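Thanks for coming. Please have the sequence and the 3D view open.

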Amino acid sequence: MRKVFQEELQKVHEDLVEISRLVATALDRAVESLTNADVELAQEVIAADARIDFLQTALDEKAIEILALQGPVASDLRIIVGSLRMSASLERMGDLARHVAQLTRLRYPEKAAPESLAGTFARMAELDKEIINEVTALLEDHDLTRTSRIQAANAELDELHAGIFRAIADQTWTGSPSVAVDAALLSRYFERFADHGVSVSRKVSYLVTGEWDGDNTSN
């Protein structure tokens, strides 16, 4: 029975890694569609999000089944509950990548990101890619040195996010109200994506060390 239990826990772990990889792919493709105003690629990102949702639901159902049938205790219970919470964060990251693609589709054939802020959004996207790649690796190898890199990238992204809002609120802003709204939404999507990445990294750290980082950015 213990062997079966461990195999089930391993399957939950593998599913988390797979979801994280799919989220990384979704972000890459969403950013490409945003940069190039590629509406066909944006539509592919939107459609592919169903796979992430399906895997998250399946993982959660498996975790709940383990809780009901196996009666895990101590560290095993922590792993299962942590996996449930991490799957929710990863699913939300997939949703945020989808939102970027949806905004791209909405503004086609124009670009959703205003030209004056294109460099800032490019850097935000780069940081989010770094975060999800580190999260995926962290889920695989539990190397906690990755958490500091994730947090550093998130801190820079927070500064860029604040800068976007300062730019669109400044008296020198010449963009239309709809462009300002698009910029604010896009910035928020990138910023929240990073927050959920930090949340996953903190949960992995808790699973490894048993100690909770109280400076929680995202649930």
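This is a predicted model: local features need pLDDT of at least 70, side-chain atom pairs count only at pLDDT 80 or more; totals for chains, interfaces and linings use all residues.

Find Leu-59. If we ignore neighbours within four places in sequence, Leu-59 is in contact with Val-12, Asp-15, Leu-16, Ile-19, Ser-83 and Ser-87. Leu-59 itself lies in helix α2. Is Leu-59 buried or exposed? Its relative accessible area is 0%, so Leu-59 is buried. Look at Leu-16 in that contact list. Leu-16 and Leu-59 are 43 residues apart along the chain, and their C-alpha atoms are separated by 7.8 Å.

Next, the core. In soluble globular proteins, nonpolar side chains tend to be buried together. The largest nonpolar core here has 60 residues. Which of them touch the most other members? They are Leu-90, Phe-121, Ile-132, Val-135, Leu-139, Leu-186 and Phe-190. Six helices, α1 (2-36), α2 (39-70), α3 (74-107), α4 (118-141), α5 (145-169) and α6 (177-209), each supply at least two residues of this core. Which helix gives the most? That is α1, with 13 residues.

Take Leu-90 from that list. Again leaving out neighbours within four places in sequence, Leu-90 is in contact with Leu-16, Ile-19, Ser-20, Val-23, Ile-132, Val-135, Leu-139 and Val-200. Leu-16 and Ile-19 are also among the contacts of Leu-59.

Now two other members of the list, Phe-121 and Phe-190. Both are buried. They form an aromatic pair, 6.3 Å centre to centre, with 50° between the planes, and the pair is described as tilted. The structure holds one aromatic pair, and this is it. What does the pair tie together? Phe-121 lies in helix α4 and Phe-190 in helix α6, so the pair links parts that are 69 residues apart in sequence. Another ring to look at is Tyr-206: Arg-78 lies over its face, at 5.4 Å from the ring centre.

Thr-136 has 8% relative accessibility, so it counts as buried. What does its side chain make a polar contact with? The partner is the side chain of Ser-20, at 2.6 Å. A polar atom of the Thr-136 side chain also lies 2.9 Å from the backbone oxygen of Ile-132. Beyond four places in sequence, the residues in contact with Thr-136 are Val-17, Ser-20 and Arg-21.

Last, some helix lengths. The 24 residues of α4 should span 34 Å at 1.5 Å a residue, and the end C-alpha atoms are 35 Å apart, which agrees. After α4 comes His-142, with a positive phi near 55°. Helix α5 has 25 residues and reaches 38 Å from its first C-alpha to its last, close to the expected 36 Å. Its buried residues include Arg-146, Asn-154 and His-161, as well as Ile-150 and Leu-157. The buried residues of α5 pack against α4 and α6. Just after α6, Gly-210 takes a positive phi of about 80°.

That is where I will stop.

Conventions. Residues are numbered from 1 along each chain as its sequence is written. Side-chain values use heavy atoms; hydrogens and water are left out. A nonpolar core is a set of buried Ala, Val, Leu, Ile, Met, Phe, Trp, Tyr and Cys residues joined through side-chain atoms within 4.5 Å. Buried means under 20% relative accessible area, exposed over 50%, partly exposed in between (1.4 Å probe, protein chains only). Helices (H or I, at least four residues) and strands (E, at least two) are DSSP runs, numbered from the N terminus. Contact means heavy atoms within 4.5 Å. Rings of Phe, Tyr and Trp (its six-membered ring) pair if their centres lie within 6.5 Å; planes under 30 degrees apart count as stacked, over 60 as edge-to-face and the rest as tilted. A charge sits over a ring if NZ of Lys or CZ of Arg is within 6 Å of the ring centre and within 35 degrees of the ring normal. A polar contact is a pair of N or O atoms within 3.5 Å; within protein, one must be able to donate a hydrogen and the other to accept it, and residues adjacent in sequence count only if both atoms are side-chain atoms. The expected span of a helix is 1.5 Å times one less than its number of residues.
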